[in-house]
Amino acid sequence: MFTIKEFQEGFRNKEFSALEVTQGIFKRIEEKDKDLGAYLSILKDSAYSQAAAADLSLAKNEKLHPLTGVPLAIKDNILIKDTNTTAASKILRNYKAAYDATVINKLKLAGAVFLGKTNLDEFAMGSSTENSGFKITKNPYDPERVPGGSSGGSAAAVAVGEAVAALGSDTGGSIRQPAAFCGVVGMKPTYGAVSRHGLIALASSLDQIGPLTKTVEDARILFEAIKGKDYYDSTSIDISLKDLDLENVKKLKVGIPKEYFIEGLDKEVEKGVQEARKVIESLGLEFEEISLPHTKYALSVYYIIMPAEVSTNLARYDGIRYGRNEISDSLSELYFKNKTEGFGEETKRRILLGTFVLSSGYYDAYYIKAQQVRRLIKNDFENAFEKVDVILTPTTPTPPFKIGEKINDPLAMYLSDAFSMPTNLAGLPAISIPVREFKTKDNLPVGFQLIGKHSRESDIFSLGSCYEEASKSR
Amino acid sequence: MTKEPIDKKLVEHLADLVKIKLGENKKKITEDLKKVVGYFEELKEINTENVEPVSGGTLLKNTVRKDEYNKDRKLLAEPAVKAFPDDKNGYLKTPPVFE
(Lines give C-alpha, C1' and ligand atoms only; values in the text may rest on other atoms or scores of the structure.)
Protein backbone atom coordinates (compact mmCIF):
# COMPACT_ATOMS: atom_id res chain seq x y z
CA MET A 1 0.00 0.00 0.00
CA PHE A 2 1.86 3.07 -1.26
CA THR A 3 1.46 6.76 -0.73
CA ILE A 4 1.99 8.94 -3.81
CA LYS A 5 5.42 9.90 -2.41
CA GLU A 6 6.43 6.25 -1.85
CA PHE A 7 5.25 5.38 -5.36
CA GLN A 8 7.27 8.24 -6.86
CA GLU A 9 10.48 7.08 -5.12
CA GLY A 10 10.11 3.43 -5.99
CA PHE A 11 9.02 4.16 -9.57
CA ARG A 12 11.85 6.58 -10.30
CA ASN A 13 14.43 4.26 -8.67
CA LYS A 14 13.10 1.45 -10.87
CA GLU A 15 12.26 -0.73 -7.83
CA PHE A 16 9.02 -1.49 -9.63
CA SER A 17 7.22 -0.45 -12.77
CA ALA A 18 3.94 1.46 -12.98
CA LEU A 19 2.50 -1.55 -14.80
CA GLU A 20 3.45 -3.92 -11.95
CA VAL A 21 1.84 -1.66 -9.36
CA THR A 22 -1.30 -1.23 -11.47
CA GLN A 23 -1.57 -5.01 -11.95
CA GLY A 24 -1.08 -5.51 -8.22
CA ILE A 25 -3.85 -3.07 -7.41
CA PHE A 26 -6.28 -4.71 -9.86
CA LYS A 27 -5.53 -8.03 -8.18
CA ARG A 28 -6.35 -6.47 -4.83
CA ILE A 29 -9.57 -5.03 -6.26
CA GLU A 30 -10.51 -8.49 -7.53
CA GLU A 31 -9.95 -9.96 -4.09
CA LYS A 32 -11.53 -7.28 -1.94
CA ASP A 33 -14.05 -5.27 -3.90
CA LYS A 34 -16.86 -7.79 -4.17
CA ASP A 35 -17.23 -7.33 -0.41
CA LEU A 36 -16.17 -3.70 -0.10
CA GLY A 37 -18.10 -2.35 -3.10
CA ALA A 38 -15.92 0.74 -3.68
CA TYR A 39 -15.91 0.57 -7.48
CA LEU A 40 -18.75 0.87 -10.00
CA SER A 41 -16.57 0.24 -13.03
CA ILE A 42 -12.99 -0.79 -13.72
CA LEU A 43 -10.91 0.61 -16.60
CA LYS A 44 -8.35 -2.20 -16.97
CA ASP A 45 -7.36 -1.82 -20.63
CA SER A 46 -6.85 1.93 -20.58
CA ALA A 47 -5.15 1.73 -17.17
CA TYR A 48 -2.61 -0.76 -18.50
CA SER A 49 -1.93 1.51 -21.51
CA GLN A 50 -1.48 4.52 -19.25
CA ALA A 51 0.85 2.59 -16.92
CA ALA A 52 2.89 1.27 -19.85
CA ALA A 53 3.17 4.81 -21.23
CA ALA A 54 4.46 6.00 -17.87
CA ASP A 55 7.08 3.22 -17.81
CA LEU A 56 8.14 4.19 -21.33
CA SER A 57 8.50 7.86 -20.34
CA LEU A 58 10.77 6.84 -17.49
CA ALA A 59 12.83 4.54 -19.71
CA LYS A 60 13.28 7.35 -22.26
CA ASN A 61 14.42 9.71 -19.50
CA GLU A 62 11.61 12.13 -20.29
CA LYS A 63 10.57 14.84 -17.87
CA LEU A 64 8.15 13.29 -15.38
CA HIS A 65 5.21 14.91 -13.62
CA PRO A 66 4.73 14.14 -9.87
CA LEU A 67 1.72 12.02 -10.84
CA THR A 68 3.27 10.09 -13.73
CA GLY A 69 2.28 6.45 -13.33
CA VAL A 70 0.24 7.02 -10.16
CA PRO A 71 -2.89 4.80 -10.05
CA LEU A 72 -5.96 6.82 -9.14
CA ALA A 73 -9.63 6.10 -8.46
CA ILE A 74 -12.13 8.64 -9.80
CA LYS A 75 -15.58 9.33 -8.32
CA ASP A 76 -18.22 8.42 -10.89
CA ASN A 77 -19.59 11.95 -11.19
CA ILE A 78 -16.42 13.09 -12.97
CA LEU A 79 -16.40 12.61 -16.74
CA ILE A 80 -13.73 10.49 -18.43
CA LYS A 81 -14.33 10.59 -22.20
CA ASP A 82 -15.98 7.52 -23.73
CA THR A 83 -16.38 5.76 -20.40
CA ASN A 84 -19.60 5.00 -18.59
CA THR A 85 -20.27 7.88 -16.16
CA THR A 86 -23.38 7.30 -14.07
CA ALA A 87 -23.28 9.55 -10.99
CA ALA A 88 -24.54 6.30 -9.39
CA SER A 89 -27.96 7.00 -10.88
CA LYS A 90 -30.10 4.58 -12.89
CA ILE A 91 -31.07 7.46 -15.16
CA LEU A 92 -27.46 7.64 -16.39
CA ARG A 93 -26.76 3.90 -16.39
CA ASN A 94 -25.98 3.90 -20.12
CA TYR A 95 -24.41 7.34 -20.46
CA LYS A 96 -20.97 7.49 -22.05
CA ALA A 97 -19.09 10.70 -21.28
CA ALA A 98 -18.73 12.97 -24.30
CA TYR A 99 -15.59 14.70 -23.05
CA ASP A 100 -12.93 14.68 -20.34
CA ALA A 101 -13.41 16.80 -17.24
CA THR A 102 -10.70 19.47 -16.98
CA VAL A 103 -9.20 17.68 -13.95
CA ILE A 104 -9.05 14.44 -15.98
CA ASN A 105 -7.42 16.27 -18.87
CA LYS A 106 -4.77 17.68 -16.53
CA LEU A 107 -4.14 14.26 -14.99
CA LYS A 108 -3.93 12.61 -18.42
CA LEU A 109 -1.29 15.15 -19.45
CA ALA A 110 0.53 14.38 -16.20
CA GLY A 111 0.60 10.67 -17.12
CA ALA A 112 -1.57 9.41 -14.27
CA VAL A 113 -3.33 6.04 -14.39
CA PHE A 114 -7.12 5.80 -13.99
CA LEU A 115 -8.10 2.51 -12.34
CA GLY A 116 -11.86 2.96 -12.44
CA LYS A 117 -14.91 4.91 -11.24
CA THR A 118 -15.96 4.78 -7.63
CA ASN A 119 -19.36 4.49 -5.98
CA LEU A 120 -21.19 7.49 -4.55
CA ASP A 121 -24.59 8.55 -3.26
CA GLU A 122 -26.76 9.19 -6.34
CA PHE A 123 -25.75 12.52 -7.92
CA ALA A 124 -23.56 13.08 -4.84
CA MET A 125 -26.58 13.53 -2.59
CA GLY A 126 -26.06 11.82 0.72
CA SER A 127 -23.74 11.17 3.64
CA SER A 128 -23.42 7.39 3.55
CA THR A 129 -23.22 6.16 -0.09
CA GLU A 130 -26.45 4.24 0.72
CA ASN A 131 -28.28 6.36 -1.86
CA SER A 132 -26.30 4.86 -4.74
CA GLY A 133 -28.61 3.50 -7.43
CA PHE A 134 -26.41 0.44 -7.79
CA LYS A 135 -24.70 -0.84 -4.68
CA ILE A 136 -23.68 -0.29 -1.07
CA THR A 137 -20.07 0.47 -0.16
CA LYS A 138 -18.93 -0.78 3.24
CA ASN A 139 -16.72 0.90 5.80
CA PRO A 140 -13.24 -0.71 5.64
CA TYR A 141 -13.06 -0.75 9.47
CA ASP A 142 -16.45 -2.40 10.00
CA PRO A 143 -18.51 -3.93 7.17
CA GLU A 144 -21.74 -3.21 9.04
CA ARG A 145 -21.04 0.50 8.96
CA VAL A 146 -21.16 3.12 6.24
CA PRO A 147 -18.03 4.58 4.65
CA GLY A 148 -19.67 8.01 4.71
CA GLY A 149 -20.71 9.91 1.62
CA SER A 150 -21.13 10.96 -0.93
CA SER A 151 -17.51 10.08 -1.92
CA GLY A 152 -17.70 6.81 0.03
CA GLY A 153 -16.28 4.67 -2.78
CA SER A 154 -13.21 6.87 -3.22
CA ALA A 155 -12.54 7.03 0.53
CA ALA A 156 -12.89 3.26 1.00
CA ALA A 157 -10.68 2.50 -2.03
CA VAL A 158 -7.83 4.65 -0.72
CA ALA A 159 -8.20 3.24 2.80
CA VAL A 160 -7.66 -0.39 1.68
CA GLY A 161 -5.12 0.24 -1.06
CA GLU A 162 -7.51 -0.27 -3.97
CA ALA A 163 -6.00 2.99 -5.26
CA VAL A 164 -2.97 5.07 -4.30
CA ALA A 165 -5.17 8.17 -4.22
CA ALA A 166 -8.57 9.29 -5.44
CA LEU A 167 -10.67 12.22 -6.55
CA GLY A 168 -13.99 13.01 -4.93
CA SER A 169 -16.37 15.96 -4.85
CA ASP A 170 -17.55 18.00 -1.88
CA THR A 171 -20.74 20.07 -1.76
CA GLY A 172 -21.60 19.89 1.95
CA GLY A 173 -18.87 17.60 3.25
CA SER A 174 -18.85 14.80 0.69
CA ILE A 175 -15.05 14.46 0.65
CA ARG A 176 -14.26 15.30 4.26
CA GLN A 177 -16.92 13.23 6.03
CA PRO A 178 -16.16 9.93 4.23
CA ALA A 179 -12.44 10.67 4.68
CA ALA A 180 -13.03 10.92 8.44
CA PHE A 181 -15.18 7.75 8.43
CA CYS A 182 -12.54 5.76 6.50
CA GLY A 183 -9.42 7.07 8.22
CA VAL A 184 -7.95 8.90 5.23
CA VAL A 185 -7.17 12.50 4.34
CA GLY A 186 -9.82 14.41 2.38
CA MET A 187 -9.62 18.01 1.23
CA LYS A 188 -12.09 20.52 -0.17
CA PRO A 189 -10.48 23.44 -2.00
CA THR A 190 -11.47 27.10 -1.88
CA TYR A 191 -14.52 27.52 -4.13
CA GLY A 192 -13.21 27.96 -7.67
CA ALA A 193 -9.71 26.60 -7.03
CA VAL A 194 -10.45 23.46 -9.05
CA SER A 195 -12.44 23.58 -12.27
CA ARG A 196 -15.94 22.09 -12.19
CA HIS A 197 -15.97 21.53 -15.98
CA GLY A 198 -16.83 17.86 -16.40
CA LEU A 199 -18.10 17.40 -12.84
CA ILE A 200 -21.76 16.39 -12.95
CA ALA A 201 -23.23 19.44 -11.25
CA LEU A 202 -25.07 19.11 -7.96
CA ALA A 203 -25.13 22.60 -6.43
CA SER A 204 -23.10 24.94 -8.58
CA SER A 205 -22.36 27.52 -5.87
CA LEU A 206 -21.05 24.83 -3.49
CA ASP A 207 -19.45 21.98 -5.51
CA GLN A 208 -15.68 21.41 -5.59
CA ILE A 209 -13.54 18.48 -6.71
CA GLY A 210 -10.79 17.47 -4.29
CA PRO A 211 -8.29 14.76 -3.31
CA LEU A 212 -8.66 11.75 -1.01
CA THR A 213 -5.26 10.38 0.01
CA LYS A 214 -3.36 8.61 2.79
CA THR A 215 -1.31 11.64 3.79
CA VAL A 216 -1.57 15.42 3.81
CA GLU A 217 1.51 15.62 1.59
CA ASP A 218 -0.20 13.41 -1.00
CA ALA A 219 -3.31 15.61 -0.89
CA ARG A 220 -1.15 18.62 -1.60
CA ILE A 221 0.51 16.88 -4.56
CA LEU A 222 -2.83 15.86 -6.07
CA PHE A 223 -4.40 19.28 -5.43
CA GLU A 224 -1.49 21.00 -7.15
CA ALA A 225 -2.00 18.79 -10.21
CA ILE A 226 -5.70 19.56 -10.60
CA LYS A 227 -5.99 23.20 -9.51
CA GLY A 228 -6.06 26.21 -11.78
CA LYS A 229 -8.15 28.80 -13.59
CA ASP A 230 -9.98 27.15 -16.46
CA TYR A 231 -11.41 28.65 -19.64
CA TYR A 232 -14.36 26.27 -19.37
CA ASP A 233 -15.29 27.25 -15.78
CA SER A 234 -15.89 30.94 -15.36
CA THR A 235 -16.00 30.62 -11.57
CA SER A 236 -12.49 29.20 -11.44
CA ILE A 237 -9.50 31.06 -9.95
CA ASP A 238 -5.76 30.54 -9.53
CA ILE A 239 -4.48 29.61 -6.07
CA SER A 240 -0.79 29.90 -5.29
CA LEU A 241 0.72 27.24 -3.08
CA LYS A 242 3.67 28.30 -0.93
CA ASP A 243 4.62 25.78 1.73
CA LEU A 244 5.20 27.17 5.21
CA ASP A 245 8.22 25.86 7.10
CA LEU A 246 7.87 24.87 10.76
CA GLU A 247 8.90 28.35 11.95
CA ASN A 248 6.08 29.95 10.00
CA VAL A 249 3.58 27.22 10.87
CA LYS A 250 4.24 28.01 14.55
CA LYS A 251 3.12 31.59 13.91
CA LEU A 252 -0.34 30.45 12.77
CA LYS A 253 -3.03 31.12 15.32
CA VAL A 254 -5.61 28.34 15.71
CA GLY A 255 -9.23 29.13 16.52
CA ILE A 256 -11.47 26.71 18.40
CA PRO A 257 -15.13 27.56 17.68
CA LYS A 258 -17.23 26.86 20.75
CA GLU A 259 -20.30 26.10 18.65
CA TYR A 260 -18.64 22.92 17.31
CA PHE A 261 -17.94 21.47 20.75
CA ILE A 262 -21.48 21.08 22.02
CA GLU A 263 -23.65 18.40 23.56
CA GLY A 264 -24.44 16.59 20.32
CA LEU A 265 -20.73 15.85 19.80
CA ASP A 266 -19.88 12.19 20.41
CA LYS A 267 -17.54 11.74 23.37
CA GLU A 268 -15.15 9.48 21.45
CA VAL A 269 -14.91 11.99 18.61
CA GLU A 270 -14.23 14.77 21.09
CA LYS A 271 -11.50 12.65 22.71
CA GLY A 272 -9.85 12.10 19.34
CA VAL A 273 -9.96 15.77 18.37
CA GLN A 274 -8.45 16.77 21.72
CA GLU A 275 -5.59 14.31 21.02
CA ALA A 276 -4.94 16.07 17.71
CA ARG A 277 -5.11 19.43 19.42
CA LYS A 278 -2.48 18.36 21.97
CA VAL A 279 -0.07 17.40 19.20
CA ILE A 280 -0.54 20.77 17.48
CA GLU A 281 -0.11 22.57 20.79
CA SER A 282 3.14 20.71 21.35
CA LEU A 283 4.43 22.30 18.12
CA GLY A 284 4.10 25.67 19.83
CA LEU A 285 1.04 27.12 18.12
CA GLU A 286 -1.26 29.51 19.97
CA PHE A 287 -4.91 28.65 20.40
CA GLU A 288 -7.85 30.98 20.91
CA GLU A 289 -11.50 30.28 21.56
CA ILE A 290 -13.68 31.92 18.92
CA SER A 291 -17.35 32.06 18.12
CA LEU A 292 -19.12 31.31 14.85
CA PRO A 293 -22.58 32.25 16.13
CA HIS A 294 -24.65 31.19 13.10
CA THR A 295 -23.19 27.66 12.92
CA LYS A 296 -26.38 25.90 13.99
CA TYR A 297 -28.38 27.50 11.18
CA ALA A 298 -26.06 26.12 8.50
CA LEU A 299 -28.13 22.97 8.12
CA SER A 300 -31.32 24.89 7.30
CA VAL A 301 -29.46 27.26 5.01
CA TYR A 302 -27.74 24.40 3.20
CA TYR A 303 -30.89 22.31 2.82
CA ILE A 304 -32.72 25.24 1.28
CA ILE A 305 -30.00 26.45 -1.11
CA MET A 306 -28.60 23.09 -2.19
CA PRO A 307 -31.91 21.44 -3.19
CA ALA A 308 -32.87 24.68 -4.97
CA GLU A 309 -29.74 24.44 -7.13
CA VAL A 310 -30.26 20.68 -7.49
CA SER A 311 -33.77 21.12 -8.85
CA THR A 312 -32.31 23.30 -11.59
CA ASN A 313 -29.22 21.21 -12.30
CA LEU A 314 -31.07 17.90 -12.50
CA ALA A 315 -33.80 19.23 -14.80
CA ARG A 316 -31.60 18.21 -17.73
CA TYR A 317 -32.00 14.51 -16.91
CA ASP A 318 -35.34 14.24 -18.61
CA GLY A 319 -35.05 11.15 -20.75
CA ILE A 320 -34.47 13.26 -23.86
CA ARG A 321 -30.69 13.56 -23.59
CA TYR A 322 -27.98 11.80 -21.57
CA GLY A 323 -30.14 8.72 -21.09
CA ARG A 324 -33.40 7.45 -22.52
CA ASN A 325 -34.20 4.27 -20.64
CA GLU A 326 -37.96 4.35 -21.21
CA ILE A 327 -39.44 5.24 -24.57
CA SER A 328 -42.83 6.64 -25.40
CA ASP A 329 -44.57 8.34 -28.29
CA SER A 330 -45.81 11.04 -25.96
CA LEU A 331 -43.29 13.62 -24.81
CA SER A 332 -44.98 14.13 -21.46
CA GLU A 333 -45.11 10.41 -20.74
CA LEU A 334 -41.46 10.05 -21.70
CA TYR A 335 -40.49 12.66 -19.12
CA PHE A 336 -42.59 11.04 -16.38
CA LYS A 337 -41.43 7.49 -17.10
CA ASN A 338 -37.71 8.25 -17.30
CA LYS A 339 -37.59 10.46 -14.25
CA THR A 340 -39.80 8.28 -12.08
CA GLU A 341 -37.86 5.12 -12.92
CA GLY A 342 -34.45 6.73 -13.08
CA PHE A 343 -34.25 8.87 -9.94
CA GLY A 344 -33.88 7.37 -6.45
CA GLU A 345 -35.87 8.42 -3.40
CA GLU A 346 -33.44 10.96 -1.94
CA THR A 347 -32.95 12.55 -5.36
CA LYS A 348 -36.71 12.92 -5.79
CA ARG A 349 -37.01 14.30 -2.25
CA ARG A 350 -34.41 17.01 -2.87
CA ILE A 351 -35.78 17.98 -6.28
CA LEU A 352 -39.23 18.45 -4.71
CA LEU A 353 -37.75 20.40 -1.81
CA GLY A 354 -35.82 22.64 -4.17
CA THR A 355 -38.84 23.22 -6.37
CA PHE A 356 -40.81 24.18 -3.26
CA VAL A 357 -38.35 26.75 -1.91
CA LEU A 358 -38.04 28.42 -5.32
CA SER A 359 -41.75 28.57 -6.02
CA SER A 360 -43.72 31.78 -6.02
CA GLY A 361 -45.09 32.60 -2.60
CA TYR A 362 -42.26 30.76 -0.83
CA TYR A 363 -39.18 32.11 -2.60
CA ASP A 364 -38.69 35.11 -0.31
CA ALA A 365 -39.46 33.30 2.92
CA TYR A 366 -37.13 30.38 2.24
CA TYR A 367 -34.61 30.88 -0.58
CA ILE A 368 -33.85 34.57 -0.10
CA LYS A 369 -33.88 34.21 3.68
CA ALA A 370 -31.39 31.32 3.41
CA GLN A 371 -29.08 33.36 1.16
CA GLN A 372 -29.19 36.17 3.70
CA VAL A 373 -28.26 33.85 6.57
CA ARG A 374 -25.54 32.44 4.31
CA ARG A 375 -24.13 35.96 4.22
CA LEU A 376 -24.11 35.99 8.03
CA ILE A 377 -22.34 32.61 8.11
CA LYS A 378 -19.71 33.99 5.73
CA ASN A 379 -19.34 37.06 7.94
CA ASP A 380 -18.85 34.84 11.01
CA PHE A 381 -15.79 33.28 9.35
CA GLU A 382 -14.48 36.63 8.14
CA ASN A 383 -14.70 38.04 11.65
CA ALA A 384 -13.04 34.99 13.18
CA PHE A 385 -10.23 35.10 10.61
CA GLU A 386 -9.33 38.58 11.76
CA LYS A 387 -8.16 37.00 15.00
CA VAL A 388 -6.96 33.56 13.89
CA ASP A 389 -5.43 31.98 10.78
CA VAL A 390 -6.81 28.45 10.91
CA ILE A 391 -9.88 26.98 12.58
CA LEU A 392 -9.83 23.50 14.13
CA THR A 393 -13.02 21.45 14.51
CA PRO A 394 -14.15 17.82 14.57
CA THR A 395 -14.97 16.72 11.00
CA THR A 396 -18.13 14.85 11.99
CA PRO A 397 -20.37 14.84 15.09
CA THR A 398 -20.23 11.03 15.39
CA PRO A 399 -18.09 8.06 14.36
CA PRO A 400 -19.28 6.02 11.33
CA PHE A 401 -22.86 4.87 11.87
CA LYS A 402 -24.40 1.54 10.92
CA ILE A 403 -25.77 0.76 7.44
CA GLY A 404 -29.52 1.36 7.54
CA GLU A 405 -29.36 3.37 10.76
CA LYS A 406 -30.21 6.80 9.33
CA ILE A 407 -31.52 6.04 5.86
CA ASN A 408 -35.18 6.43 6.85
CA ASP A 409 -34.64 9.65 8.79
CA PRO A 410 -33.45 12.32 6.35
CA LEU A 411 -32.91 14.94 9.06
CA ALA A 412 -30.69 12.62 11.11
CA MET A 413 -28.70 11.89 7.95
CA TYR A 414 -28.37 15.59 7.11
CA LEU A 415 -26.99 16.30 10.59
CA SER A 416 -23.89 14.17 9.90
CA ASP A 417 -22.61 17.05 7.77
CA ALA A 418 -23.28 19.70 10.43
CA PHE A 419 -19.57 20.55 10.79
CA SER A 420 -18.70 20.43 7.12
CA MET A 421 -21.57 22.37 5.53
CA PRO A 422 -20.60 25.83 6.79
CA THR A 423 -17.30 25.81 4.88
CA ASN A 424 -19.06 25.08 1.58
CA LEU A 425 -21.52 27.92 2.23
CA ALA A 426 -18.58 30.24 2.89
CA GLY A 427 -16.45 28.89 -0.01
CA LEU A 428 -13.43 28.24 2.23
CA PRO A 429 -10.74 25.53 1.97
CA ALA A 430 -10.86 22.71 4.52
CA ILE A 431 -9.08 19.43 5.11
CA SER A 432 -10.02 16.41 7.21
CA ILE A 433 -7.07 14.56 8.72
CA PRO A 434 -7.36 11.26 10.60
CA VAL A 435 -6.32 11.53 14.24
CA ARG A 436 -3.15 9.43 14.15
CA GLU A 437 -2.66 6.61 16.66
CA PHE A 438 -6.28 6.88 17.78
CA LYS A 439 -9.36 4.72 17.37
CA THR A 440 -12.71 4.80 19.18
CA LYS A 441 -13.78 2.03 21.58
CA ASP A 442 -15.29 0.29 18.53
CA ASN A 443 -11.99 0.56 16.67
CA LEU A 444 -13.22 3.27 14.30
CA PRO A 445 -11.22 6.22 12.96
CA VAL A 446 -11.86 9.85 13.91
CA GLY A 447 -11.08 12.86 11.73
CA PHE A 448 -10.38 16.47 12.67
CA GLN A 449 -10.84 19.40 10.34
CA LEU A 450 -8.66 22.41 9.59
CA ILE A 451 -10.46 25.31 7.91
CA GLY A 452 -8.37 27.97 6.21
CA LYS A 453 -8.88 31.52 5.01
CA HIS A 454 -10.02 31.98 1.45
CA SER A 455 -7.27 30.74 -0.94
CA ARG A 456 -4.97 29.89 1.98
CA GLU A 457 -4.64 26.17 1.14
CA SER A 458 -0.94 26.56 1.99
CA ASP A 459 -1.78 27.18 5.65
CA ILE A 460 -3.89 24.06 6.12
CA PHE A 461 -1.57 21.83 4.09
CA SER A 462 1.52 23.02 5.96
CA LEU A 463 -0.05 22.76 9.41
CA GLY A 464 -1.53 19.39 8.48
CA SER A 465 1.86 18.07 7.36
CA CYS A 466 3.54 19.30 10.53
CA TYR A 467 0.83 17.57 12.55
CA GLU A 468 1.48 14.30 10.69
CA GLU A 469 5.24 14.54 11.26
CA ALA A 470 4.80 15.34 14.94
CA SER A 471 2.25 12.59 15.57
CA LYS A 472 4.64 10.00 14.08
CA SER A 473 7.31 10.61 16.67
CA ARG A 474 5.00 10.36 19.68
CA MET B 1 -42.89 31.90 6.82
CA THR B 2 -46.28 30.17 6.92
CA LYS B 3 -46.79 27.30 9.32
CA GLU B 4 -47.10 23.85 7.74
CA PRO B 5 -47.09 24.84 4.06
CA ILE B 6 -46.45 21.24 3.05
CA ASP B 7 -49.53 19.08 2.54
CA LYS B 8 -50.57 16.26 0.25
CA LYS B 9 -52.02 18.63 -2.34
CA LEU B 10 -48.86 20.75 -2.58
CA VAL B 11 -46.63 17.70 -2.88
CA GLU B 12 -48.82 16.37 -5.70
CA HIS B 13 -48.57 19.74 -7.45
CA LEU B 14 -44.78 19.84 -7.05
CA ALA B 15 -44.46 16.28 -8.34
CA ASP B 16 -46.51 17.27 -11.35
CA LEU B 17 -44.29 20.30 -12.05
CA VAL B 18 -41.18 18.17 -11.75
CA LYS B 19 -42.75 15.38 -13.81
CA ILE B 20 -42.34 12.47 -11.44
CA LYS B 21 -44.99 10.01 -10.26
CA LEU B 22 -44.80 9.44 -6.52
CA GLY B 23 -46.93 6.30 -6.23
CA GLU B 24 -46.85 4.53 -2.89
CA ASN B 25 -43.97 6.74 -1.72
CA LYS B 26 -46.25 9.77 -1.61
CA LYS B 27 -47.10 9.52 2.09
CA LYS B 28 -43.51 9.06 3.27
CA ILE B 29 -42.13 11.81 1.03
CA THR B 30 -44.84 14.20 2.26
CA GLU B 31 -44.00 13.41 5.89
CA ASP B 32 -40.25 13.80 5.22
CA LEU B 33 -40.75 17.14 3.49
CA LYS B 34 -43.00 18.34 6.33
CA LYS B 35 -40.30 17.47 8.86
CA VAL B 36 -37.49 19.10 6.92
CA VAL B 37 -39.41 22.28 6.09
CA GLY B 38 -40.57 22.44 9.71
CA TYR B 39 -36.91 22.46 10.74
CA PHE B 40 -36.40 25.59 8.66
CA GLU B 41 -38.65 27.57 11.03
CA GLU B 42 -35.56 28.28 13.14
CA LEU B 43 -34.40 30.78 10.51
CA LYS B 44 -37.24 33.06 11.62
CA GLU B 45 -35.24 33.74 14.81
CA ILE B 46 -32.58 35.61 12.87
CA ASN B 47 -32.80 39.27 12.06
CA THR B 48 -31.81 39.65 8.41
CA GLU B 49 -32.91 43.23 7.90
CA ASN B 50 -30.60 44.95 5.41
CA VAL B 51 -28.52 41.80 4.93
CA GLU B 52 -27.44 41.37 1.33
CA PRO B 53 -28.25 37.82 0.13
CA VAL B 54 -25.34 35.80 -1.29
CA SER B 55 -25.71 35.02 -4.97
CA GLY B 56 -23.51 32.13 -6.10
CA GLY B 57 -20.26 30.79 -4.73
CA THR B 58 -17.69 32.99 -6.35
CA LEU B 59 -16.34 36.40 -5.41
CA LEU B 60 -15.65 37.09 -9.08
CA LYS B 61 -17.75 39.55 -11.02
CA ASN B 62 -18.34 39.80 -14.76
CA THR B 63 -16.09 36.99 -15.96
CA VAL B 64 -16.19 37.46 -19.73
CA ARG B 65 -14.50 36.18 -22.83
CA LYS B 66 -14.16 37.62 -26.31
CA ASP B 67 -17.18 37.06 -28.51
CA GLU B 68 -15.10 35.05 -30.97
CA TYR B 69 -15.46 31.63 -32.57
CA ASN B 70 -13.32 29.17 -30.67
CA LYS B 71 -12.41 26.26 -32.89
CA ASP B 72 -11.82 23.99 -29.87
CA ARG B 73 -15.57 24.11 -29.16
CA LYS B 74 -16.27 22.19 -32.36
CA LEU B 75 -14.76 19.12 -30.72
CA LEU B 76 -17.70 18.99 -28.36
CA ALA B 77 -20.43 18.87 -31.03
CA GLU B 78 -19.63 15.45 -32.52
CA PRO B 79 -19.20 13.52 -29.27
CA ALA B 80 -22.26 15.27 -27.85
CA VAL B 81 -24.39 14.03 -30.76
CA LYS B 82 -22.86 10.57 -30.34
CA ALA B 83 -23.79 10.59 -26.65
CA PHE B 84 -27.37 11.60 -27.42
CA PRO B 85 -29.71 8.61 -27.10
CA ASP B 86 -31.15 8.73 -30.62
CA ASP B 87 -29.98 10.55 -33.71
CA LYS B 88 -30.36 10.42 -37.48
CA ASN B 89 -27.91 12.00 -39.93
CA GLY B 90 -26.54 14.23 -37.20
CA TYR B 91 -30.03 15.39 -36.15
CA LEU B 92 -31.18 14.67 -32.61
CA LYS B 93 -34.36 12.54 -32.44
CA THR B 94 -37.10 13.07 -29.86
CA PRO B 95 -40.80 12.19 -29.64
CA PRO B 96 -43.10 14.69 -31.38
CA VAL B 97 -43.36 18.02 -29.56
CA PHE B 98 -46.78 18.78 -31.02
CA GLU B 99 -49.29 15.99 -31.03
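Trainee: Which residue does Asp389(A) form a salt bridge with, and how far apart are the closest N and O atoms?
Mentor: Asp389(A) pairs with Lys453(A), and the closest N and O atoms are 3.4 Å apart, where a salt bridge is a side-chain nitrogen of Lys or Arg within 4 Å of a carboxyl oxygen of Asp or Glu. The pair links distant parts of the chain, 64 residues apart, with Asp389(A) in the loop between helix H13 (364–384) and strand S9 (390–394) of chain A, and Lys453(A) in the loop between strand S11 (447–452) and helix H16 (457–472) of chain A. Helices (H or I, at least four residues) and strands (E, at least two) are DSSP runs, numbered from the N terminus. This is a predicted model, in which local features need pLDDT of at least 70 and side-chain atom pairs count only at pLDDT 80 or more, while totals for chains, interfaces and linings use all residues. Residues are numbered from 1 along each chain as its sequence is written, chains are lettered from A and ligands numbered from 1 in the order in which they are written, and side-chain values use heavy atoms, leaving out hydrogens and water.

Trainee: And is Lys453(A) buried, exposed or partly exposed?
Mentor: Lys453(A) is partly exposed, with a relative accessible area of 26%, given that buried means under 20%, exposed over 50% and partly exposed in between (1.4 Å probe, protein chains only).

Trainee: What does Glu268(A) form a salt bridge with?
Mentor: Its partner is Lys271(A), and the closest N and O atoms of the two are 3.9 Å apart. Both residues lie in helix H9 (residues 267–282) of chain A, 3 residues apart, which is about one turn of the helix. Glu268(A) counts as buried at 12% relative accessibility, whereas Lys271(A) is partly exposed at 48%.

Trainee: Moving to chain B, where do Asp32(B) and Lys28(B) lie?
Mentor: They both lie in helix H2 of chain B, 4 residues apart, again about one turn of the helix, and their side chains meet in a salt bridge at 3.0 Å, N to O. Asp32(B) counts as buried, having 6% relative accessibility, while Lys28(B), with a relative accessible area of 29%, is partly exposed.

Trainee: OK, what about Glu42(B): where is its place, and what does it touch?
Mentor: Glu42(B) sits in the loop between helix H2 (26–39) and helix H3 (74–83) of chain B. Leaving aside residues up to four places away in sequence, Glu42(B) touches Lys296(A), Tyr297(A) and Ser300(A), with contact meaning heavy atoms within 4.5 Å.

Trainee: What pattern does chain B follow along the sequence?
Mentor: Chain B reads α-α-α-β-β, with 3 helices and 2 strands. Its radius of gyration, taken over C-alpha atoms, is 23 Å, well over the 13 Å that the globule rule (2.2 Å times the number of residues to the power 0.38) gives for 99 residues, so chain B is more spread out than a compact globule. The C-alpha trace spans about 55 × 45 × 20 Å along its principal axes, and 28% of the 99 residues of chain B count as buried.
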